[in-house]
Amino acid sequence: MKTFLISLLKFGLRIIYAPLKLFKTKNRIVYLSRQSNEKSLDMRLLEAAITEEDSSIEQVFRLRMIEDGFKAKINYCFGVIGDMYYLATSKVAIVDTYSITVSCLKHKSDLKVIQMWHALGAIKKFGLQAVGTKEGRDEKISRAMCMHQNYDYVLAPSSETAKFYMEAFGVEGSKIKLCPLPRVDFITDGEARISDFYYSNPAVGQKKLVLYLPTFRDREAYVIQMLKTAFEDKDGYQLMISPHPLSKTKVEDIYKPHGEFTAQELIKLADIVITDYSACAFEAALLMKELYFFVPDYNEYIADRGLNIDLKAEMPGAVFEDADELVAALDGGNYDMNTLFAFKEKYTTNAKNNTQTLAKFITLLTKE
């Protein structure tokens, strides 16, 4: 029944889209996302660089999360019609997640679609890799939704990560463009809001800042509680928790970073970063921060979702299933930086001027 309704929806969208394609294509780039209602850091950086490269290019942002509630979903559906208009009249479309209108419609031949995935890599399987798994999409639904179709280019941060992206997005190597996300420039620029942070978070004082950045998943609250319990009697460390943007888990004030700080800004400030299966691990590795993986459900997660990276093999000594053992390891003083460096080099090519390189490439696409 679901697949039948999806087929009806696609048919309706295609009927609406057909006359929109009669409109003239403009010198325009459209960004589409369901990740947030605001421009991501990558989008902001790229927007500025493209404007600097060619100020005549119009850049339009169609960014809307699908909120709960019937009214919100109706409003989202009306927004989809606007998305279709901009797809029909733009030279380039940039998406950072799956887009219904990008994947389900037949576009003009002169529209170029770029998948600029919202994460800097993929520890866990995702997209088409995860179809049919417990945490992934149903295979029939995925096929009906034309998941991850119509991409002309997929950005990948390294040749190793490109292998995962080819599977996740169902593309051949010819569609992969090796180019780290613009945020790499921000992460590695050597600047940090140190004064602002300590003014807003005086309780940190001389303690080592331990930042926990979990991925979005079930069992999140349970895993967080294990970490909090392990750090309760640990002197000299301040645990701060920054949940995934889509998470609804409540964090007590004592563990919450005060002030307006993005995850990337917090990584710059942290002494130690703990994550699970989140791609923020690659961001911490870029700065050679002591990086630990707290994965009490490691085997279960592999069975339910699957991993691209064997963390225990690639980061031995930094992967823990027991919170007390992880906390005890912080005082060891023998963190293996060589292993961390190898991890960084394998999965995140730290090229300089990534934003400018990508902006030049996209600007050239608008000239075709």
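The lining of the largest cavity divides into five nonpolar, three polar and four charged residues. Here Ala, Val, Leu, Ile, Met, Phe, Trp, Tyr, Cys and Pro count as nonpolar, Asp, Glu, Lys and Arg as charged, and the others, Gly among them, as polar. This is a predicted model: local features need pLDDT of at least 70 and side-chain atom pairs pLDDT 80 or more, while totals for chains, interfaces and linings use all residues. Residues are numbered from 1 along each chain as its sequence is written, and side-chain values use heavy atoms, without hydrogens and water.

**Cavities**

- The whole structure holds two cavities of 30 Å³ or more. A cavity is a set of points, on a 1 Å grid over the protein atoms alone, where a 1.4 Å probe fits but cannot get out; lining residues have an atom within 4 Å of a point.
- The largest cavity has a volume of about 100 Å³. A volume is the space filled by probe spheres set on the points, with grid points joined across faces, edges and corners.
- The lining of the largest cavity includes Arg34, Arg62, Arg64 and Asp83. Also among its residues are Tyr76, Tyr98 and Ile100.
- β1 (28-33), α3 (70-88) and α4 (100-104) each give two or more residues to this lining. Helices (H or I, at least four residues) and strands (E, at least two) are DSSP runs, numbered from the N terminus.
- α3 supplies the largest share, three residues.
- The second largest cavity has a volume of about 40 Å³. Its lining has nine nonpolar, no polar and no charged residues. Among them are Trp117, Leu155, Tyr165 and Cys179.

**Salt bridges**

- The search finds 19 salt bridges (a side-chain nitrogen of Lys or Arg within 4 Å of a carboxyl oxygen of Asp or Glu).
- Arg183 and Glu283 meet at 2.7 Å, N to O. The pair links helix α7 (residues 183-187) to helix α11, 100 residues apart.
- Arg183 is buried at 9% relative accessibility, and Glu283 is buried at 3%. Buried means under 20% relative accessible area, exposed over 50%, partly exposed in between (1.4 Å probe, protein chains only).
- Lys346 and Glu314 form a salt bridge at 3.3 Å, N to O. Lys346 is in helix α15 and Glu314 in helix α13 (residues 311-314), 32 residues apart.
- Both ends are partly exposed: Lys346 at 32%, Glu314 at 23%.
- Shared partners join Asp42, Arg183 and Glu283 into one network.

**Aromatic rings**

- There are 20 aromatic pairs. Rings of Phe, Tyr and Trp (its six-membered ring) pair if their centres lie within 6.5 Å; planes under 30 degrees apart are stacked, over 60 edge-to-face, the rest tilted.
- Phe282 and Phe343 have ring centres 5.5 Å apart and planes at 10°, so the pair is stacked.
- Phe282 lies in helix α11 (residues 280-286) and Phe343 in helix α15 (residues 337-347), so the pair ties together parts 61 residues apart in sequence.
- Phe282 is buried at 1% relative accessibility, as is Phe343 at 2%.
- Ring pairs also link Trp117, Phe126, Tyr151, Tyr165 and Phe169 into a cluster.

**Charges over rings**

- The charged end of Lys268 sits over the ring of Phe186, 3.8 Å from its centre. The rule asks for NZ of Lys or CZ of Arg within 6 Å of the ring centre and within 35 degrees of the ring normal.
- Lys39 lies over the face of Phe61, at 4.3 Å from the ring centre. Lys39 also meets Glu47 in a salt bridge at 3.0 Å, N to O.

Conventions: 1 Å grid on protein atoms, 1.4 Å probe; cavity = no way out; pocket = protein on both sides within 12 Å on 5 of 7 lines; lining within 4 Å.
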